[in-house]
Amino acid sequence: MSEVKILETLVSRFDQLDKRLDSKFSQIDKRFDKIEKKLGDHDKRFDQIDKRLDEHDKRFDQIDKRLDDHDKRFDQIDKRLDDHDKRFDQIDKRLDDHDKRFEKIENKLDDHDEKLNNIETKLTEHDQRFDKLDNVLAEQDIKLFNINKTLKKHSDQFDELNYTINKIHDQTARLSLEQGKLAVKIDQLKNAVADNNEKKQII
């Protein structure tokens, strides 16, 4: 795979990772909002419980004042007190449930802290890898520049060689032509000498 393809693949993967992180953070924010709303509801319910407990205290005071005159209502009061005890038990149970939920929320928050730390560490590693890629690309730019410079030099050398070859070819063609003409003249001289020798023999 070419280096450009590798870089494009890395960039695409980083984009996908960014989208996944954005989606995950959005989900976490929604869960935080839900937890905060629940905690707000719990605070309101605690206030309501405190208010009702204050009302119970007032009613107990009124009952104490009226006990002597309300002997006949003891059974009713005892029954109501039993009901209150049940409600207290229910409240205690709900408070215990709240404590458990608080622990779960705190554990989740601890888990979120760990995940966020891991994400930040990973992002730091990505930054370092980006820096390394930038350095590698810068080195490759220099190498490509030097290669282009060498290729330009080679191209100029090829042009000079072609010019020299063409020049030699032209000179060779002229020499061949001159050699042909010289051969013709040599043949003519040979023929002339032969004719003269024949004439001399006849005489």
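The structure is a predicted model, in which local features need pLDDT of at least 70, side-chain atom pairs count only at pLDDT 80 or more, and totals for chains, interfaces and linings use all residues. Residues are numbered from 1 along each chain as its sequence is written, and side-chain values use heavy atoms, with hydrogens and water left out.

The protein chain comprises two helices and zero strands (DSSP runs, H or I of at least four residues for helices and E of at least two for strands, numbered from the N terminus). Of its 203 residues, 6% are buried (under 20% relative accessible area, with exposed over 50% and partly exposed in between; 1.4 Å probe, protein chains only). Among contacts (heavy atoms within 4.5 Å) with a separation of 6 or more, 81% join residues 24 or more positions apart.

His-56 lies in helix H1, which spans residues 3–66. His-56 is classed as buried because its relative accessibility is 11%. Beyond neighbours within four places in sequence, His-56 contacts His-84 and Phe-88.

Helix H2 (residues 74–202) contains Leu-144, a residue that is partly exposed at 48% relative accessible area. Leu-144 forms a nonpolar surface patch with Ile-147 and Leu-151 (residues with over 30% relative accessible area and no salt bridge, nonpolar side chains being joined within 5 Å and like charges within 9 Å; a salt bridge places a side-chain nitrogen of Lys or Arg within 4 Å of a carboxyl oxygen of Asp or Glu). Asp-82 is also located in helix H2 and is partly exposed, at 45% relative accessibility.

Conventions
Areas by Shrake-Rupley, 256 points an atom, 1.4 Å probe, with all protein chains shown as cover.
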